[in-house]
Amino acid sequence: MTPALEPLRRIAAYAVVSDSDGQVLLVRASPRSGTPGVWSLPGGAVDHGEDPNHTVVRETAAETGLSVSVTGLRDVLADMRALPHRGITIHTDRLIYNVTVRGGTLCDRVGQPTDLARWQTLDAAKGLPLRSFTAAALGLPGAAVDLRPDAAPDFPSFYAVPGPDGLHRAQRFAAYAVATDPAGRVLLTRVAEGYPGAGCWHLPGGGTDYGEQPGAALIRELLEETGQTGRLVELLGVASHRDAASLGPEGYPIDWHGVRAFYRVLVEAPAPPSVGDVGGSTSEARWFGRDELFALAAHELTEVTAEAMRAARL
């Protein structure tokens with residue numbers, strides 16, 4: 001029974017690369033993987049503290065022999081799959097990037113989790129056993145090669161484990177909103193005391209739950225933190241930040257790596273903000289006019305907020 005499997009969670013980055021004939025580059029899982037013979041986009045797990053932009057370049061080179069450059073973020077997806085033979089269920093937050101080839105020579109690998117790398121037309125790819133996220137990223141009919149667990153297991157959105165140096169580590173995926181109303185006001189939340197960035201203004205949002213898509217998580221968090229109902233408009237980008245000795249309510253230093261997707265969200269019927277999650281990381285929510293927003297000093301905003309504002313051209 002899959003609910004008894006040990007739950008794990010990870011963040012991964014993948015490349016969509018096309019050649020001049022419109023073919024896409026795919027890699028085949030080897031017998032050493034959990035899904036031998038299945039094809040997917042090149043890519044893999046984001047190491048602790050690693051920027052996903054670097055992950056996708058590193059993993060594509062390792063799996064295909066090609067050097068690539070990232071040209072943009074294509075999508076952010078999440079999925080669960082059960083691997084009963086390994087006794088685990090995995091939730092993966094997948095960052096999909098568009099890339100171009102800089103050079104290198106396409107090659108196969110021996111004794112690794114992937115063993116073949118091939119250019120495939122989209123018509124040919126339809127006939128291959130594809131990982132579900134790969135089919136979704138390429139706009140192809142859904143594949144059923146992944147075994148989904150019967151239900152999402154209980155798993156905390158924040159989970160710290162001892163690292164090789166003895167310091168606890170936490171890698172967390174979150175989704176945040178650059179939320180505006182029809183008048184052009186921007187919605188921000190204030191970080192509560194006892195949390196990293198206390199007193200600073202932050203984007204509404206937070207960590208996604210196990211089995212949850214980032215867009216759905218964001219709309220849920222927006223309502224919980226601010227009392228607003230929003231509509232996703234577009235994916236703006238992904239930020240990756242590491243604090244090697246973050247201090248929070250846990251009371252001890254944590255080597256913290258946050259990967260955060262941020263979206264433009266429209267609140268079509270704004271209401272007076274209200275914080276529903278009393279006692280959590282948000283102490284206040286407030287609508288800011290453009291002049292009020294621009295009057296905030298840099299130290300009054302969290303790092304991801306400033307980065308998202310630039311991406312939204314605010």
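**Helix packing and sheet organisation in the predicted model**

The buried residues of helix H6 (residues 303-311) are covered by elements that include strands E9 (168-180), E10 (186-191), E11 (201-202), E13 (231-246) and E14 (254-266), together with helix H5 (290-295). Contact here denotes heavy atoms within 4.5 Å, and helices (H or I, at least four residues) and strands (E, at least two) are DSSP runs numbered from the N terminus. The model is predicted, and local features need pLDDT of at least 70, side-chain atom pairs count only at pLDDT 80 or more, and totals for chains, interfaces and linings use all residues. Residues are numbered from 1 along each chain as its sequence is written, and side-chain values use heavy atoms, with hydrogens and water left out.

The buried residues of H6 are Val304, Thr305, Ala308 and Met309. Seen down the axis of H6, these residues fall within an arc of 135°, so they line one face of the helix; the arc is that of the directions from the helix axis to the C-beta atoms. The face turned away from the buried side of H6 carries the exposed residues Glu303 and Arg310. Buried means under 20% relative accessible area, exposed over 50%, and partly exposed in between (1.4 Å probe, protein chains only). Just after H6, Arg313 adopts a positive phi of about 60°.

Four strands form an open sheet in the order E4-E1-E6-E5, with mixed pairing. Its edge strands are E4 (43-45) and E5 (66-83), each of which pairs on one side only. Neighbouring strands of this sheet are turned by 20° against each other on average, direction ignored. Helix H1 (residues 52-64) packs on the sheet and touches E1, E4, E5 and E6, its direction making about 90° with that of E5. Axes are lines fitted to C-alpha atoms, for helices over the stretch in contact, and angles run from 0 to 180 degrees between N-to-C directions. Within the sheet, strands E1 (residues 6-16) and E6 (residues 88-104) pair in the parallel sense over 11 bridges, pairing requiring that DSSP find at least two bridges between two strands. Tyr97 in E6 is the bridge partner of Ala15.

Tyr97 is also touched by Gly72, as is Asn98, not counting residues up to four places away in sequence. Gly72 lies in strand E5 and, at 24% relative accessibility, counts as partly exposed. The C-alpha atoms of Gly72 and Asn98 are separated by 5.3 Å, although these residues are 26 residues apart along the chain.

Helix H1 comprises 13 residues and reaches 18 Å from its first C-alpha to its last, close to the 18 Å expected at 1.5 Å a residue; the expected span is 1.5 Å times one less than the number of residues. Pro52, Thr55, Val56, Glu59, Thr60, Glu63 and Thr64 are buried in H1. Viewed down the axis of H1, the buried residues fall within an arc of 120°, so they line one face of the helix. At the start of H1, a side-chain oxygen of Asp51 reaches to within 2.8 Å of the backbone nitrogen of Asn53. Just after H1, Gly65 takes a positive phi of about 85°.

His257 is located in strand E14 and, at 0% relative accessibility, counts as buried. A polar atom of its side chain lies 3.4 Å from the backbone oxygen of Glu50. Not counting residues up to four places away in sequence, the residues touched by His257 include Val46, Asp47, His48, Gly49, Ala170, Gln171, Ser240 and His241.

Technical notes: A polar contact is a pair of N or O atoms within 3.5 Å; within protein, one must be able to donate a hydrogen and the other to accept it, and residues adjacent in sequence count only if both atoms are side-chain atoms.
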